[in-house]
Amino acid sequence: QVQLVESGGGLVQAGGSLKLSCAASGRGFGMYAIGWFRQTPGKEREFVAAATWNGGSTYASDFVKARFTVSRDNDKNTVFLQMNSLRPEDTAVYYCAAGDPLNYAGAYYYWGQGTRVTVSS
């Protein structure tokens, strides 16, 4: 069982940056990929990026990869999502999740409660 808690969300102007953190507790954190998803009202959760157990990373698109960086510190049981050049369309609730290193929500077994990111224009 893995428990996840996100933090770092908030209000930022377009073009600004935020760094989200996902702190994990429980057994098995190092075994899982940690994915970041985001969700807006009325839409399904959208894959953003994931950090594999051994430090690799995947991104939803080249456009995301150009602005966001996912990283993990297994010693601290924490995964980060550095988001730069934020745009209003990045506004969403961001979730981290533990599971398989794939780009869909069904591949992840444990979820945090989410942190809200609002980007003003």
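Which residue stands opposite G35 in β9? I looked this up to begin with and found A97.

**Entry 1: ground rules.** I noted that this is a predicted model, where local features need pLDDT of at least 70, side-chain atom pairs count only at pLDDT 80 or more, and totals for chains, interfaces and linings use all residues. Residues are numbered from 1 along each chain as its sequence is written, and side-chain values use heavy atoms, with hydrogens and water left out.

**Entry 2: strand β9.** I took β9 (92-99) next; strands here are DSSP runs of E with at least two residues, numbered from the N terminus. I counted its pairings, where two strands pair if DSSP finds at least two bridges between them. Strand β4 (residues 33-39) runs antiparallel to β9, with seven bridges. Three bridges link β9 to β11, again in the antiparallel sense, and V93 has R116 as its bridge partner there. Strand β10 (residues 108-111) also pairs with β9 in the antiparallel sense, over three bridges; A98 stands opposite Y110 in that strand. I then checked how covered β9 is: eight of its eight residues are buried, which is to say under 20% relative accessible area, whereas exposed is over 50% and partly exposed lies in between (1.4 Å probe, protein chains only).

**Entry 3: T115.** I moved to strand β11 (residues 115-120), where T115 is found. T115 has a relative accessible area of 11%, so I recorded it as buried. Its side chain reaches the backbone nitrogen of G9 at 3.1 Å. I listed its contacts (heavy atoms within 4.5 Å), leaving aside neighbours within four places in sequence: E6, S7, G8, G9, L20, A92, V93 and Y94.

**Entry 4: the open sheet.** I traced an open sheet of four strands in the order β1-β3-β8-β7, with antiparallel pairing. β1 (2-7) and β7 each have a single partner strand because they stand at the edges, and one side of each is left without a neighbour in the sheet. From one strand to the next the twist averages 15°, with axes taken as lines fitted to C-alpha atoms and angles running from 0 to 180 degrees between N-to-C directions. Inside the order, strand β3 (residues 18-26) and β8 run antiparallel and are joined by six bridges.

**Entry 5: two loop residues.** Most residues other than glycine have a negative phi, so I looked for exceptions. N77, not a glycine, has a positive phi of about 50°. N77 sits in the loop between β7 (68-73) and β8 (78-83) and counts as partly exposed at 24% relative accessibility. S85 is not a glycine either, and its phi is positive at about 50°. I placed S85 in the loop between β8 and β9; with a relative accessible area of 41%, S85 is partly exposed.

**Entry 6: cores.** A nonpolar core is a set of buried Ala, Val, Leu, Ile, Met, Phe, Trp, Tyr and Cys residues joined through side-chain atoms within 4.5 Å. The largest one has 29 residues, and W36, L81, M83 and Y94 touch the most other members. I noted the elements that give two or more residues to this core: β1, β3, β4, β5 (46-51), β7, β8, β9 and β11. A second, separate core has six residues, among them F37, F47, A97 and A107.

Terms used. A polar contact is a pair of N or O atoms within 3.5 Å; within protein, one must be able to donate a hydrogen and the other to accept it, and residues adjacent in sequence count only if both atoms are side-chain atoms.
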